[in-house]
Amino acid sequence: MKIFIQILVFFTAFSIMEFMAWFTHKYVMHGFLWSLHKDHHHKDHGSWWERNDFFFVFYAVVSMSCILFHDSETFWVGRAIGLGILAYGIAYFIVHDIFIHQRFKLFRNANNWYAKGVRRAHKIHHKNIGKEKGECFGMLVVPFKYFKK
């Protein structure tokens, strides 16, 4: 029974991370921490590293903390939560950094309906280069209208 709950917690943590990514992107990155996210919209540097990558580091620390501080008696779901966050981080990195922004030159020819929809939604998000009036802040789940031709 405990393993079933841990699997359920893993998938729940992964799913909640999509909401957290949307919320953080809309209200934190395009809000009071725009100074860290701005360089993702305005390439004002020649570096591969962006200040925006600190958000990735933050969630990695949360994930590692959950995994490291899990305890079989008091925080037995910690490992499942941490691994769910880790799995979302890997999915986010593959979709956002590798597939969409081509930080590594992989998946260039992906043209299925999902890939096109996610790419379209992200392109619309980046059309607005300012802090205000942005749209489509999610990553893996985007509005259905972006999947239509």
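In what order do the elements of the protein run from the N terminus on? They run α-α-α-α-α. The protein has 5 helices and 0 strands. Helices (H or I, at least four residues) and strands (E, at least two) are DSSP runs, numbered from the N terminus.

This is a predicted model, in which local features need pLDDT of at least 70, side-chain atom pairs count only at pLDDT 80 or more, and totals for chains, interfaces and linings use all residues. Residues are numbered from 1 along each chain as its sequence is written, and side-chain values use heavy atoms, with hydrogens and water left out.

The C-alpha trace spans about 50 × 35 × 30 Å along its principal axes. Of the 149 residues, 36% are buried. Buried means under 20% relative accessible area, exposed means over 50%, and partly exposed lies in between (1.4 Å probe, protein chains only). Now take contacts, defined as heavy atoms within 4.5 Å. Among those between residues at least 6 apart in sequence, 54% join residues at least 24 apart.

Next, the interior. A nonpolar core is a set of buried Ala, Val, Leu, Ile, Met, Phe, Trp, Tyr and Cys residues joined through side-chain atoms within 4.5 Å. The largest one has 13 residues. M17, Y88, V95, I100, M139 and L140 have the most contacts inside it. Helix 1 (2-32), helix 4 (78-100) and helix 5 (113-127) each give two or more residues to this core. Helix 4 gives the most, with 6 residues. Another core, of 5 residues, lies apart from it and includes C136, V142, Y146 and F147.

Now the open spaces. On a 1 Å grid over the protein atoms alone, a pocket is an open set of points where a 1.4 Å probe fits, with protein on both sides within 12 Å along at least five of seven lines; lining residues have an atom within 4 Å of a point. Grid points are joined across faces, edges and corners, and a volume is the space filled by probe spheres set on the points. The largest pocket holds about 510 Å³. It is lined by 31 residues, and F55, F56, Y59, G89 and Y92 are the closest to its centre. Helix 1, helix 3 (53-68) and helix 4 each give two or more residues to this lining. Helix 4 gives the most, with 9 residues.

By class, the lining of the largest pocket has 19 nonpolar, 9 polar and 3 charged residues. Here Ala, Val, Leu, Ile, Met, Phe, Trp, Tyr, Cys and Pro count as nonpolar, Asp, Glu, Lys and Arg as charged, and the others, Gly among them, as polar.

The second largest pocket has a volume of about 160 Å³. Its lining includes K2, F10, W76 and R79. Helix 1 gives the most to that lining, with 5 residues.

Turn to the record. The unreviewed UniProt entry annotates residues 6-24, 53-70 and 76-95 as "transmembrane region". UniProt positions are given in the numbering used here, feature names are shortened, and annotations may be inferred rather than shown by experiment. Residues 6-24 are 100% helix and 0% strand, with end C-alpha atoms 25 Å apart. Residues 76-95 are 90% helix and 0% strand, and their end C-alpha atoms lie 30 Å apart.

Finish at R119, in helix 5. Why does R119 count as partly exposed? Because its relative accessibility is 28%. R119 touches F99, A110 and N111, not counting residues up to four places away in sequence.
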